[in-house]
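Please look at the sequence and the structure before reading on.

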Amino acid sequence: MTLIVNGIGLLIIAAIIIWFWLWRARATQATTNAVDIVVANGVYKPDVIEMKRGTKLTLNFNREDPSPCAEQVIFHGLDISETLPVGKIKTIKLTPQHSGNYRFTCQMQMYQGTLKVVDA
Ligand SMILES: [Cu+2]
């Protein structure tokens with residue numbers, strides 16, 4: 001009996017991991033020149049954005065989360081730090097000249113995203 005219960009527990013854990021993982025992977029990637037990003041529930045959506053080096057990317061941040069945690073967005077390595085108003089679109093434009101992965105986070109780094117800049 002214990003064995004069966006443990007087995008079911010493991011299955012449930014596996015299901016949660018797979019579901020969460022696949023869900024995140026599907027919900028995230030964006031590859032256009034203008035991306036709308038929703039800031040809510042501790043995640044940027046999408047949280048992975050891919051772009052070509054030297055092109056202009058427009059990010060429209062829509063902050064739904066009123067908690068102070070979500071107030072700022074910082075692009076590490078790109079020298080960009082902006083305040084996001086609640087319920088309004090904040091547009092951030094960037095033109096990275098160097099390829100690489102740049103993280104963008106809130107000031108406490110609880111919200112996390114990655115900007116992937118690839119060679120043209
Ligand atoms: Cu935060």
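Phe75 counts as buried at 1% relative accessibility, where buried means under 20% relative accessible area with a 1.4 Å probe and protein chains only. The model is predicted, so local features need pLDDT of at least 70 and side-chain atom pairs count only at pLDDT 80 or more, whereas totals for chains, interfaces and linings use all residues. Residues are numbered from 1 along each chain as its sequence is written, and side-chain values use heavy atoms, with hydrogens and water left out.

**Aromatic pairs**

- The structure holds six aromatic pairs, a pair being two rings of Phe, Tyr or Trp (its six-membered ring) with centres within 6.5 Å, called stacked for planes under 30 degrees apart, edge-to-face for over 60 and tilted for the rest.
- One of them is the tilted pair of Tyr44 and Tyr111, at 5.1 Å centre to centre and 45 degrees between the planes.
- Tyr44 lies in strand 3 and Tyr111 in the loop between strand 9 (100-105) and strand 10 (112-118), so this pair ties together parts that are 67 residues apart in sequence; strands are DSSP runs of E with at least two residues, numbered from the N terminus.
- Both Tyr44 and Tyr111 are buried.
- The rings of Phe61 and Phe75 form an edge-to-face pair, because their planes stand at 75 degrees, with the centres 6.3 Å apart.
- Phe61 in strand 5 (residues 57-63) and Phe75 in strand 6 (residues 72-75) are 14 residues apart.
- Phe61 is buried, with a relative accessible area of 0%.

**Aromatic cluster**

- Tyr44, Phe61, Phe75, Phe104 and Tyr111 form one aromatic cluster.

**Loop position**

- Pro46, in the loop between strand 3 (43-45) and strand 4 (48-52), is buried at 9% relative accessible area.

Notes: Helix = DSSP H or I, 4+ residues; strand = E, 2+ residues; numbered from the N terminus. Buried < 20%, exposed > 50% of the residue type's maximum accessible area, 1.4 Å probe, protein only.
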